[in-house]
Amino acid sequence: MQAPDQAVVLGAGGLVGTAWTAGLARGLRLAGVDLAAADLFVGTSAGAITATLLATGQDLGRLATPVRPAAGSTPPQVDRRRLGEAFAVLAGAAADPAGARRRVGVIALAADTGPEQAHVSRMRTMIGTDRWPERRLLVPVTDAGTGEQAVFDRASGVELSSAVAASTAFPGIYPPITLNGRRHLDGSLHSATNARLAAGARTLVVIDPQAHLFPRELLRQELAVAAAHTVVTLEPDPAAVAGFGPDLNDRAAWVPAHQAGLRQAAEAAERLRPVWRG
């Protein structure tokens, strides 16, 4: 497959990260820098939502406020005990990342987080489509049984909403999602950005809503693998982080986060104009 000329990688970040990323991408579009011109989109967890809107050419303004759930839909059902267990395992994952992912998979499968179809329906409402775009969109997920990564695209034979639901299915918050007969979890369990999936791109834009929370060594390693000619990384500034608050799944922080992304877009556009076509 031909290497992409321009690629956009959108990382994990919960509901708040979704709002900020959508605001940033929307503001860039208003400033004349349209990330939808990319040849390749990699969307991990929350990033899969905005990546889908960009790849399918939708109006990013639909994420200016939280998307209203469909009538009769089932609200999220968080299993806080299992969520705490998952965080405890992940906190000590450095010594054995693969083993930690398998243990987290066991926790996720045991969690009481409601029916998986309810989460698929929520994501279908959020992304506004179930049709994979013609432009290449990659959605990484984690196999709940093996802890291994799987990457879905339009050739994978799964619904787009199901792939996005799986990539956002953090253990204890949302249920694992069945794709091609196997249960899958949040794609960020391998990497917050999975930037290596954009290997070979001439110009690579990485949007990382969680950059303030974790060491950047993994991203540096992935960018070395990607070996892009030009790399621009965008992350929340201190004012945006202050507006996020302590809980990245706090819906009350959605609008402030989106507005923070819009505000940051002016500076980001100045950085991107010399290297971005579109």
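**Rings and core**

Guide: There are two aromatic pairs in this structure. It's a predicted model, where local features need pLDDT of at least 70, side-chain atom pairs count only at pLDDT 80 or more, and totals for chains, interfaces and linings use all residues. Residues are numbered from 1 along each chain as its sequence is written, and side-chain values use heavy atoms, leaving out hydrogens and water.

Visitor: What makes Trp 20 and Phe 244 an edge-to-face pair?
Guide: Their centres are 6.5 Å apart and their planes make 75 degrees. Rings of Phe, Tyr and Trp (its six-membered ring) pair if their centres lie within 6.5 Å; planes under 30 degrees apart are stacked, over 60 edge-to-face, the rest tilted. So 75 degrees lands in edge-to-face.

Visitor: Why is the pair of Phe 87 and Phe 170 called tilted?
Guide: Their planes sit at 35 degrees, with the centres 5.4 Å apart, so tilted is the word.

Visitor: How do you know whether Phe 170 is buried or exposed?
Guide: Its relative accessible area is 15%, so Phe 170 is buried. Buried means under 20%, exposed over 50%, partly exposed in between (1.4 Å probe, protein chains only). Phe 87, at 46%, therefore counts as partly exposed.

Visitor: What makes a set of residues a nonpolar core?
Guide: They're buried Ala, Val, Leu, Ile, Met, Phe, Trp, Tyr and Cys residues joined through side-chain atoms within 4.5 Å. The largest one has 73 residues, and Leu 28 and Trp 276 are among those touching the most other members.
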